[in-house]
Amino acid sequence: MQPTIRFGTDGWRGIIADDCTTSTMRRIARAYAIVLHELVHGRAPRVVVAYDRRFASDLFAQAVELSLRETGVDVLACREPLPTPVASFAVRTYEADGALVITASHNPFRYNGVKVKSRAGASAPPELYRRIEAHLLDAETIAIDRPGTAVDLAPLDDYCAALAQRLPLDAIRSAGFTVIADAMFGTTAGLLPRVLNGDLTTCIELNTTHNPLFPGIVAPEPIERNLAKLKRAVVDGKATIGVAFDGDGDRIGVVDEQGNVVSPQYVFALLAYYLLEVRGIRGPIVRSVNGTAMLDRLAEHYGISVIETPNGFPYLAHAMLEHNAILAGEESGGFAVALHMPERDGLFCALVLLDFLRESQLPLSHLLRELAHLVGTWYYQRHDVLVSNEQRLRLAQALQTSEHPQQLAGVSVTGVSLLDGVKFLLSNGGWVLVRLSGTEPLVRIYAEMPDPGQADDAIRAAQRWLALTIGE
(Lines give C-alpha, C1' and ligand atoms only; values in the text may rest on other atoms or scores of the structure.)
Protein backbone atom coordinates (compact mmCIF):
# COMPACT_ATOMS: atom_id res chain seq x y z
CA MET A 1 0.00 0.00 0.00
CA GLN A 2 1.37 3.39 -0.95
CA PRO A 3 1.98 5.82 1.93
CA THR A 4 -0.25 8.85 2.27
CA ILE A 5 1.63 12.03 1.38
CA ARG A 6 0.56 15.29 2.99
CA PHE A 7 2.74 18.32 2.46
CA GLY A 8 3.49 20.57 5.42
CA THR A 9 4.14 24.29 5.35
CA ASP A 10 7.34 23.87 3.33
CA GLY A 11 7.52 20.45 1.73
CA TRP A 12 7.19 16.83 2.72
CA ARG A 13 9.36 14.71 5.04
CA GLY A 14 9.34 11.06 5.94
CA ILE A 15 11.41 8.30 7.50
CA ILE A 16 14.04 6.92 5.13
CA ALA A 17 13.17 3.38 3.91
CA ASP A 18 9.76 3.60 5.57
CA ASP A 19 7.55 6.13 3.81
CA CYS A 20 10.45 8.02 2.24
CA THR A 21 11.54 5.79 -0.64
CA THR A 22 12.44 6.12 -4.31
CA SER A 23 8.86 5.07 -5.10
CA THR A 24 7.48 7.93 -3.02
CA MET A 25 9.85 10.42 -4.63
CA ARG A 26 8.86 9.25 -8.10
CA ARG A 27 5.15 9.71 -7.27
CA ILE A 28 5.79 13.25 -6.06
CA ALA A 29 7.87 14.09 -9.13
CA ARG A 30 5.25 12.78 -11.54
CA ALA A 31 2.41 14.58 -9.76
CA TYR A 32 4.49 17.78 -9.84
CA ALA A 33 5.03 17.24 -13.56
CA ILE A 34 1.27 17.05 -14.15
CA VAL A 35 0.80 20.35 -12.33
CA LEU A 36 3.59 22.00 -14.31
CA HIS A 37 2.07 20.87 -17.61
CA GLU A 38 -1.19 22.48 -16.48
CA LEU A 39 0.63 25.72 -15.66
CA VAL A 40 3.01 25.90 -18.63
CA HIS A 41 1.49 25.92 -22.11
CA GLY A 42 3.20 25.51 -25.45
CA ARG A 43 6.56 24.29 -24.18
CA ALA A 44 8.17 21.73 -21.90
CA PRO A 45 8.50 22.77 -18.25
CA ARG A 46 12.04 23.28 -16.90
CA VAL A 47 12.87 22.17 -13.36
CA VAL A 48 16.01 22.40 -11.23
CA VAL A 49 16.71 19.19 -9.29
CA ALA A 50 19.06 19.50 -6.30
CA TYR A 51 19.82 17.55 -3.15
CA ASP A 52 21.51 17.76 0.25
CA ARG A 53 23.97 15.47 2.08
CA ARG A 54 21.52 13.11 3.78
CA PHE A 55 21.30 9.36 3.36
CA ALA A 56 20.22 8.49 -0.20
CA SER A 57 19.61 12.09 -1.23
CA ASP A 58 21.61 11.59 -4.43
CA LEU A 59 19.66 8.41 -5.24
CA PHE A 60 16.34 10.14 -4.57
CA ALA A 61 17.44 13.00 -6.84
CA GLN A 62 18.22 10.50 -9.62
CA ALA A 63 14.76 8.94 -9.24
CA VAL A 64 13.13 12.38 -9.35
CA GLU A 65 15.10 13.38 -12.42
CA LEU A 66 14.14 10.19 -14.26
CA SER A 67 10.45 10.58 -13.39
CA LEU A 68 10.40 14.20 -14.50
CA ARG A 69 12.02 13.35 -17.82
CA GLU A 70 9.60 10.45 -18.32
CA THR A 71 6.76 12.94 -17.94
CA GLY A 72 8.07 15.47 -20.45
CA VAL A 73 9.92 17.84 -18.12
CA ASP A 74 13.36 19.21 -18.98
CA VAL A 75 15.70 18.92 -16.00
CA LEU A 76 18.54 21.15 -14.87
CA ALA A 77 20.35 18.62 -12.71
CA CYS A 78 22.76 19.57 -9.93
CA ARG A 79 25.29 16.76 -9.55
CA GLU A 80 26.68 17.66 -6.11
CA PRO A 81 25.00 18.50 -2.78
CA LEU A 82 23.94 22.15 -2.68
CA PRO A 83 22.21 24.47 -0.22
CA THR A 84 18.54 24.92 -0.95
CA PRO A 85 19.01 28.70 -1.47
CA VAL A 86 21.45 27.95 -4.28
CA ALA A 87 18.79 25.83 -5.98
CA SER A 88 16.32 28.69 -5.58
CA PHE A 89 18.91 31.07 -7.03
CA ALA A 90 19.32 28.69 -9.98
CA VAL A 91 15.57 28.76 -10.67
CA ARG A 92 15.65 32.54 -11.00
CA THR A 93 18.98 32.77 -12.83
CA TYR A 94 18.33 30.07 -15.43
CA GLU A 95 14.60 30.86 -15.83
CA ALA A 96 13.29 27.51 -14.68
CA ASP A 97 9.67 26.89 -13.74
CA GLY A 98 10.54 25.61 -10.29
CA ALA A 99 12.74 23.21 -8.37
CA LEU A 100 12.57 19.97 -6.45
CA VAL A 101 15.15 19.87 -3.65
CA ILE A 102 15.76 16.57 -1.87
CA THR A 103 16.20 17.54 1.78
CA ALA A 104 14.72 17.17 5.23
CA SER A 105 16.25 20.48 6.28
CA HIS A 106 16.91 20.44 10.06
CA ASN A 107 15.19 17.12 10.89
CA PRO A 108 17.08 14.21 12.55
CA PHE A 109 19.14 11.84 10.42
CA ARG A 110 16.35 9.26 9.91
CA TYR A 111 14.39 11.73 7.78
CA ASN A 112 14.54 12.82 4.20
CA GLY A 113 12.04 14.62 2.02
CA VAL A 114 11.49 17.19 -0.69
CA LYS A 115 10.94 20.92 -0.95
CA VAL A 116 9.24 22.50 -3.94
CA LYS A 117 10.33 25.91 -5.19
CA SER A 118 8.21 28.23 -7.29
CA ARG A 119 9.13 30.03 -10.47
CA ALA A 120 10.08 33.03 -8.32
CA GLY A 121 12.75 30.97 -6.59
CA ALA A 122 10.73 31.01 -3.39
CA SER A 123 8.95 28.45 -1.25
CA ALA A 124 6.02 27.01 -3.16
CA PRO A 125 2.64 28.38 -2.09
CA PRO A 126 0.21 26.07 -0.26
CA GLU A 127 -2.11 25.91 -3.27
CA LEU A 128 0.69 24.41 -5.38
CA TYR A 129 1.27 21.70 -2.77
CA ARG A 130 -2.47 20.97 -2.68
CA ARG A 131 -2.50 20.57 -6.47
CA ILE A 132 0.43 18.15 -6.30
CA GLU A 133 -1.40 16.12 -3.62
CA ALA A 134 -4.48 15.99 -5.82
CA HIS A 135 -2.51 14.30 -8.62
CA LEU A 136 -0.60 11.75 -6.55
CA LEU A 137 -3.04 8.94 -7.31
CA ASP A 138 -3.16 9.51 -11.05
CA ALA A 139 0.57 10.28 -11.39
CA GLU A 140 1.20 7.08 -13.35
CA THR A 141 -1.31 7.88 -16.09
CA ILE A 142 0.23 11.01 -17.56
CA ALA A 143 0.72 10.92 -21.33
CA ILE A 144 3.48 12.96 -23.00
CA ASP A 145 4.48 13.91 -26.53
CA ARG A 146 8.21 13.60 -25.89
CA PRO A 147 10.53 12.73 -23.00
CA GLY A 148 12.30 15.54 -21.23
CA THR A 149 15.97 16.38 -21.53
CA ALA A 150 18.65 16.71 -18.85
CA VAL A 151 21.40 19.30 -18.58
CA ASP A 152 24.04 19.24 -15.85
CA LEU A 153 24.02 22.38 -13.74
CA ALA A 154 26.80 23.83 -11.56
CA PRO A 155 25.39 27.12 -10.22
CA LEU A 156 27.87 27.88 -7.41
CA ASP A 157 30.13 30.18 -9.44
CA ASP A 158 27.19 32.30 -10.56
CA TYR A 159 25.76 32.28 -7.03
CA CYS A 160 29.02 33.53 -5.51
CA ALA A 161 29.34 36.19 -8.22
CA ALA A 162 25.82 37.39 -7.39
CA LEU A 163 26.75 37.74 -3.71
CA ALA A 164 29.59 40.08 -4.71
CA GLN A 165 27.15 42.22 -6.69
CA ARG A 166 24.74 42.60 -3.79
CA LEU A 167 27.12 43.15 -0.87
CA PRO A 168 30.57 44.80 -0.59
CA LEU A 169 32.49 41.54 -0.28
CA ASP A 170 35.88 43.12 -0.97
CA ALA A 171 35.40 45.47 1.98
CA ILE A 172 34.27 42.59 4.22
CA ARG A 173 37.29 40.50 3.17
CA SER A 174 39.63 43.35 4.08
CA ALA A 175 37.96 44.09 7.43
CA GLY A 176 40.17 41.66 9.35
CA PHE A 177 37.34 39.62 10.85
CA THR A 178 37.72 36.12 12.23
CA VAL A 179 34.57 34.12 11.48
CA ILE A 180 33.81 30.65 12.84
CA ALA A 181 31.21 28.83 10.73
CA ASP A 182 29.50 25.59 11.77
CA ALA A 183 28.30 23.74 8.69
CA MET A 184 26.59 21.08 10.84
CA PHE A 185 27.71 18.43 8.31
CA GLY A 186 25.45 20.09 5.77
CA THR A 187 25.58 21.64 2.34
CA THR A 188 27.15 24.99 3.28
CA ALA A 189 30.51 23.30 3.98
CA GLY A 190 33.27 25.19 2.18
CA LEU A 191 31.08 28.06 0.96
CA LEU A 192 31.76 30.82 3.49
CA PRO A 193 35.57 30.37 3.30
CA ARG A 194 35.23 30.41 -0.49
CA VAL A 195 33.44 33.75 -0.30
CA LEU A 196 35.43 35.40 2.54
CA ASN A 197 38.99 34.13 2.55
CA GLY A 198 41.79 35.68 0.51
CA ASP A 199 42.46 38.93 2.35
CA LEU A 200 42.58 39.94 6.04
CA THR A 201 39.29 38.26 6.98
CA THR A 202 39.48 34.55 7.80
CA CYS A 203 36.69 32.00 8.02
CA ILE A 204 37.30 28.79 9.96
CA GLU A 205 34.77 25.97 9.63
CA LEU A 206 33.49 23.29 11.98
CA ASN A 207 31.67 20.04 11.16
CA THR A 208 32.36 20.08 7.44
CA THR A 209 32.69 16.35 6.78
CA HIS A 210 29.97 14.53 4.88
CA ASN A 211 28.42 12.50 7.69
CA PRO A 212 24.63 12.02 7.48
CA LEU A 213 24.50 10.78 11.09
CA PHE A 214 25.22 14.34 12.29
CA PRO A 215 27.49 13.17 15.15
CA GLY A 216 27.49 15.25 18.30
CA ILE A 217 24.22 17.03 17.59
CA VAL A 218 20.60 15.93 17.77
CA ALA A 219 19.91 17.27 14.28
CA PRO A 220 21.47 19.86 11.94
CA GLU A 221 19.50 22.70 13.46
CA PRO A 222 21.29 25.95 14.47
CA ILE A 223 19.71 26.30 17.91
CA GLU A 224 21.40 26.66 21.29
CA ARG A 225 21.45 22.99 22.28
CA ASN A 226 23.52 22.25 19.15
CA LEU A 227 25.90 25.22 19.38
CA ALA A 228 28.18 24.31 22.32
CA LYS A 229 31.13 23.55 20.03
CA LEU A 230 30.66 26.79 18.11
CA LYS A 231 30.45 28.84 21.32
CA ARG A 232 33.73 27.38 22.59
CA ALA A 233 35.44 27.91 19.25
CA VAL A 234 34.41 31.57 19.12
CA VAL A 235 35.75 32.29 22.61
CA ASP A 236 38.92 30.21 22.24
CA GLY A 237 39.65 31.69 18.82
CA LYS A 238 38.82 35.27 19.87
CA ALA A 239 36.56 35.38 16.86
CA THR A 240 34.48 38.30 15.64
CA ILE A 241 31.35 36.19 15.23
CA GLY A 242 30.16 32.61 15.02
CA VAL A 243 27.52 31.47 12.56
CA ALA A 244 25.84 28.10 12.06
CA PHE A 245 23.68 26.80 9.23
CA ASP A 246 21.10 24.05 9.12
CA GLY A 247 21.47 20.98 6.91
CA ASP A 248 20.27 22.61 3.70
CA GLY A 249 21.61 26.08 4.42
CA ASP A 250 18.48 28.20 4.53
CA ARG A 251 18.58 28.96 8.28
CA ILE A 252 21.19 30.69 10.42
CA GLY A 253 22.25 30.64 14.05
CA VAL A 254 24.52 33.35 15.49
CA VAL A 255 27.00 33.54 18.37
CA ASP A 256 28.50 36.89 19.46
CA GLU A 257 32.18 37.52 20.20
CA GLN A 258 31.63 36.65 23.87
CA GLY A 259 30.26 33.19 23.07
CA ASN A 260 26.61 34.05 23.67
CA VAL A 261 23.95 32.68 21.35
CA VAL A 262 21.96 35.50 19.77
CA SER A 263 18.23 34.79 19.67
CA PRO A 264 16.87 34.46 16.11
CA GLN A 265 14.43 37.21 17.06
CA TYR A 266 17.36 39.57 17.65
CA VAL A 267 18.99 38.39 14.43
CA PHE A 268 15.74 39.28 12.63
CA ALA A 269 15.74 42.74 14.22
CA LEU A 270 19.44 43.25 13.38
CA LEU A 271 18.84 42.44 9.71
CA ALA A 272 15.96 44.94 9.65
CA TYR A 273 18.09 47.56 11.45
CA TYR A 274 20.87 47.12 8.86
CA LEU A 275 18.53 47.55 5.90
CA LEU A 276 16.79 50.56 7.39
CA GLU A 277 19.73 52.38 8.98
CA VAL A 278 22.83 51.37 7.01
CA ARG A 279 21.36 50.84 3.55
CA GLY A 280 18.59 53.42 3.93
CA ILE A 281 16.05 51.11 2.30
CA ARG A 282 12.37 51.63 3.01
CA GLY A 283 9.50 49.20 2.58
CA PRO A 284 7.35 46.78 4.55
CA ILE A 285 8.77 43.99 6.68
CA VAL A 286 6.98 40.64 6.74
CA ARG A 287 7.02 38.40 9.79
CA SER A 288 5.24 35.21 10.77
CA VAL A 289 2.88 35.26 13.74
CA ASN A 290 5.73 34.22 16.04
CA GLY A 291 8.05 37.02 14.87
CA THR A 292 9.49 39.58 17.24
CA ALA A 293 7.74 42.68 18.60
CA MET A 294 11.02 44.56 18.03
CA LEU A 295 9.98 44.96 14.41
CA ASP A 296 7.01 47.06 15.49
CA ARG A 297 9.35 49.46 17.30
CA LEU A 298 11.65 49.68 14.30
CA ALA A 299 8.68 50.20 12.00
CA GLU A 300 7.40 53.04 14.14
CA HIS A 301 10.84 54.67 14.26
CA TYR A 302 11.45 54.47 10.50
CA GLY A 303 7.89 55.00 9.32
CA ILE A 304 7.30 51.64 7.66
CA SER A 305 4.72 48.88 8.08
CA VAL A 306 4.87 45.32 9.41
CA ILE A 307 2.83 42.60 7.74
CA GLU A 308 2.02 39.42 9.67
CA THR A 309 1.38 36.02 8.07
CA PRO A 310 0.68 32.47 9.23
CA ASN A 311 3.76 30.46 10.14
CA GLY A 312 5.62 28.91 7.21
CA PHE A 313 7.85 30.48 4.62
CA PRO A 314 5.47 29.98 1.69
CA TYR A 315 3.20 32.58 3.32
CA LEU A 316 6.12 34.90 4.01
CA ALA A 317 7.47 34.62 0.46
CA HIS A 318 4.05 35.33 -1.04
CA ALA A 319 3.57 38.41 1.14
CA MET A 320 7.11 39.56 0.42
CA LEU A 321 6.46 39.48 -3.31
CA GLU A 322 2.94 40.90 -3.08
CA HIS A 323 3.93 43.88 -0.91
CA ASN A 324 7.43 44.47 -2.28
CA ALA A 325 8.82 43.94 1.20
CA ILE A 326 12.45 44.52 2.07
CA LEU A 327 12.73 41.60 4.51
CA ALA A 328 10.78 38.54 5.60
CA GLY A 329 11.53 36.17 8.45
CA GLU A 330 10.49 33.64 11.03
CA GLU A 331 11.55 32.85 14.58
CA SER A 332 13.33 29.64 13.58
CA GLY A 333 16.19 31.53 11.94
CA GLY A 334 15.01 31.71 8.32
CA PHE A 335 15.25 35.17 6.73
CA ALA A 336 14.86 36.44 3.17
CA VAL A 337 16.42 39.77 2.18
CA ALA A 338 15.02 41.59 -0.84
CA LEU A 339 18.53 42.64 -1.88
CA HIS A 340 19.02 38.96 -2.71
CA MET A 341 15.82 36.98 -3.41
CA PRO A 342 12.47 36.09 -1.77
CA GLU A 343 14.00 32.99 -0.18
CA ARG A 344 15.73 32.16 3.09
CA ASP A 345 19.51 32.09 2.76
CA GLY A 346 21.66 31.56 5.84
CA LEU A 347 24.90 32.37 4.03
CA PHE A 348 23.61 35.68 2.68
CA CYS A 349 22.33 36.67 6.12
CA ALA A 350 25.76 35.91 7.61
CA LEU A 351 27.33 38.27 5.08
CA VAL A 352 24.77 40.97 5.89
CA LEU A 353 25.68 40.73 9.58
CA LEU A 354 29.38 40.96 8.73
CA ASP A 355 28.76 44.07 6.67
CA PHE A 356 26.82 45.56 9.58
CA LEU A 357 29.80 44.91 11.87
CA ARG A 358 32.11 46.50 9.30
CA GLU A 359 29.92 49.58 8.91
CA SER A 360 29.28 50.08 12.63
CA GLN A 361 32.84 49.33 13.75
CA LEU A 362 31.26 47.76 16.85
CA PRO A 363 31.48 44.24 18.29
CA LEU A 364 28.26 42.31 17.88
CA SER A 365 27.42 42.51 21.60
CA HIS A 366 27.70 46.32 21.44
CA LEU A 367 25.58 46.44 18.30
CA LEU A 368 22.91 44.45 20.13
CA ARG A 369 22.98 46.99 22.96
CA GLU A 370 22.57 49.79 20.45
CA LEU A 371 19.56 47.98 19.01
CA ALA A 372 18.09 47.48 22.50
CA HIS A 373 18.46 51.21 23.17
CA LEU A 374 16.26 51.84 20.15
CA VAL A 375 13.62 49.13 20.54
CA GLY A 376 13.87 48.09 24.20
CA THR A 377 15.00 44.78 25.64
CA TRP A 378 12.89 41.73 24.83
CA TYR A 379 12.95 38.14 26.01
CA TYR A 380 11.64 35.28 23.93
CA GLN A 381 10.73 31.74 24.98
CA ARG A 382 9.34 28.72 23.16
CA HIS A 383 8.09 25.46 24.65
CA ASP A 384 7.14 22.43 22.54
CA VAL A 385 4.67 19.81 23.77
CA LEU A 386 4.42 16.40 22.08
CA VAL A 387 0.80 15.48 21.26
CA SER A 388 -0.98 12.40 19.94
CA ASN A 389 -3.12 12.46 16.79
CA GLU A 390 -6.26 12.48 18.95
CA GLN A 391 -4.97 15.42 20.99
CA ARG A 392 -3.98 17.22 17.83
CA LEU A 393 -7.51 17.00 16.44
CA ARG A 394 -9.00 18.24 19.73
CA LEU A 395 -6.51 21.07 19.90
CA ALA A 396 -7.14 22.18 16.32
CA GLN A 397 -10.79 22.72 17.18
CA ALA A 398 -10.23 24.09 20.68
CA LEU A 399 -7.73 26.75 19.62
CA GLN A 400 -10.34 28.33 17.36
CA THR A 401 -13.41 28.04 19.58
CA SER A 402 -12.41 28.14 23.25
CA GLU A 403 -12.94 31.06 25.60
CA HIS A 404 -9.84 33.18 25.84
CA PRO A 405 -8.23 34.41 29.07
CA GLN A 406 -8.43 38.06 30.13
CA GLN A 407 -4.82 38.09 31.27
CA LEU A 408 -1.66 35.98 31.13
CA ALA A 409 1.17 36.15 33.68
CA GLY A 410 -0.57 39.10 35.30
CA VAL A 411 -0.63 41.14 32.08
CA SER A 412 -3.91 42.13 30.42
CA VAL A 413 -4.85 40.60 27.08
CA THR A 414 -5.69 43.49 24.74
CA GLY A 415 -6.32 41.54 21.56
CA VAL A 416 -6.53 38.08 20.02
CA SER A 417 -5.44 36.96 16.56
CA LEU A 418 -6.57 33.65 15.02
CA LEU A 419 -4.35 33.97 11.96
CA ASP A 420 -2.42 30.82 12.92
CA GLY A 421 -3.35 29.23 16.23
CA VAL A 422 -4.23 31.73 18.96
CA LYS A 423 -2.05 34.78 19.54
CA PHE A 424 -2.71 36.90 22.62
CA LEU A 425 -1.60 40.53 22.36
CA LEU A 426 -0.68 41.99 25.74
CA SER A 427 -0.83 45.46 27.26
CA ASN A 428 2.95 45.64 27.77
CA GLY A 429 3.63 45.14 24.06
CA GLY A 430 4.39 41.45 24.50
CA TRP A 431 2.53 38.48 23.08
CA VAL A 432 1.83 34.78 23.63
CA LEU A 433 1.07 32.32 20.84
CA VAL A 434 -0.29 28.76 20.95
CA ARG A 435 -0.24 26.88 17.65
CA LEU A 436 0.11 23.41 16.18
CA SER A 437 3.27 22.59 14.24
CA GLY A 438 2.70 22.11 10.52
CA THR A 439 5.39 19.43 10.15
CA GLU A 440 5.67 17.63 13.52
CA PRO A 441 3.24 16.19 16.16
CA LEU A 442 3.79 19.16 18.46
CA VAL A 443 1.90 22.05 19.96
CA ARG A 444 4.16 25.06 20.26
CA ILE A 445 3.81 27.78 22.89
CA TYR A 446 5.69 31.03 22.27
CA ALA A 447 6.05 34.19 24.35
CA GLU A 448 7.94 37.46 24.00
CA MET A 449 8.00 39.89 26.91
CA PRO A 450 10.08 42.85 28.15
CA ASP A 451 11.11 40.84 31.22
CA PRO A 452 12.57 37.29 31.30
CA GLY A 453 10.49 36.27 34.31
CA GLN A 454 7.34 37.42 32.55
CA ALA A 455 8.21 35.35 29.49
CA ASP A 456 8.60 32.20 31.61
CA ASP A 457 5.39 32.98 33.51
CA ALA A 458 3.53 33.57 30.26
CA ILE A 459 4.58 30.16 28.91
CA ARG A 460 3.36 28.45 32.10
CA ALA A 461 0.10 30.42 32.06
CA ALA A 462 -0.52 29.42 28.44
CA GLN A 463 0.14 25.77 29.32
CA ARG A 464 -2.45 25.92 32.10
CA TRP A 465 -4.98 27.55 29.78
CA LEU A 466 -4.29 24.92 27.14
CA ALA A 467 -4.75 22.04 29.59
CA LEU A 468 -8.08 23.49 30.77
CA THR A 469 -9.17 24.10 27.21
CA ILE A 470 -8.80 20.47 26.11
CA GLY A 471 -9.98 19.07 29.44
CA GLU A 472 -6.75 17.49 30.67
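Helices (H or I, at least four residues) and strands (E, at least two) are taken as DSSP runs, numbered from the N terminus. The model is predicted, so that local features need pLDDT of at least 70 and side-chain atom pairs count only at pLDDT 80 or more, whereas totals for chains, interfaces and linings use all residues. Residues are numbered from 1 along each chain as its sequence is written, and side-chain values use heavy atoms, with hydrogens and water left out.

Two residues other than glycine carry a positive phi. Glutamine 361, with phi near 60°, is found in the loop between helix H12 (346-360) and H13, and it is exposed at a relative accessible area of 63% (buried means under 20% relative accessible area, exposed over 50% and partly exposed in between, with a 1.4 Å probe and protein chains only). Glutamate 95, with a positive phi of about 55°, lies in the loop between helix H3 (84-93) and strand E4 (98-102) and is likewise exposed, its relative accessible area being 64%.

Helix H13 (364-375) also contributes to the second largest pocket, a pocket being an open set of points on a 1 Å grid over the protein atoms alone, where a 1.4 Å probe fits, with protein on both sides within 12 Å along at least five of seven lines; lining residues have an atom within 4 Å of a point. The space in this pocket is about 330 Å³, where grid points are joined across faces, edges and corners and the volume is the space filled by probe spheres set on the points. Of its 17 lining residues, Tyr266, Leu368, Thr377, Trp378 and Tyr379 lie nearest the centre. H13 supplies the largest share of the lining, 4 residues, while strand E11 (261-262), strand E16 (379-386) and helix H15 (452-469) each supply at least two. By class, the lining comprises 10 nonpolar, 5 polar and 2 charged residues (Ala, Val, Leu, Ile, Met, Phe, Trp, Tyr, Cys and Pro count as nonpolar, Asp, Glu, Lys and Arg as charged, and the others, Gly among them, as polar).
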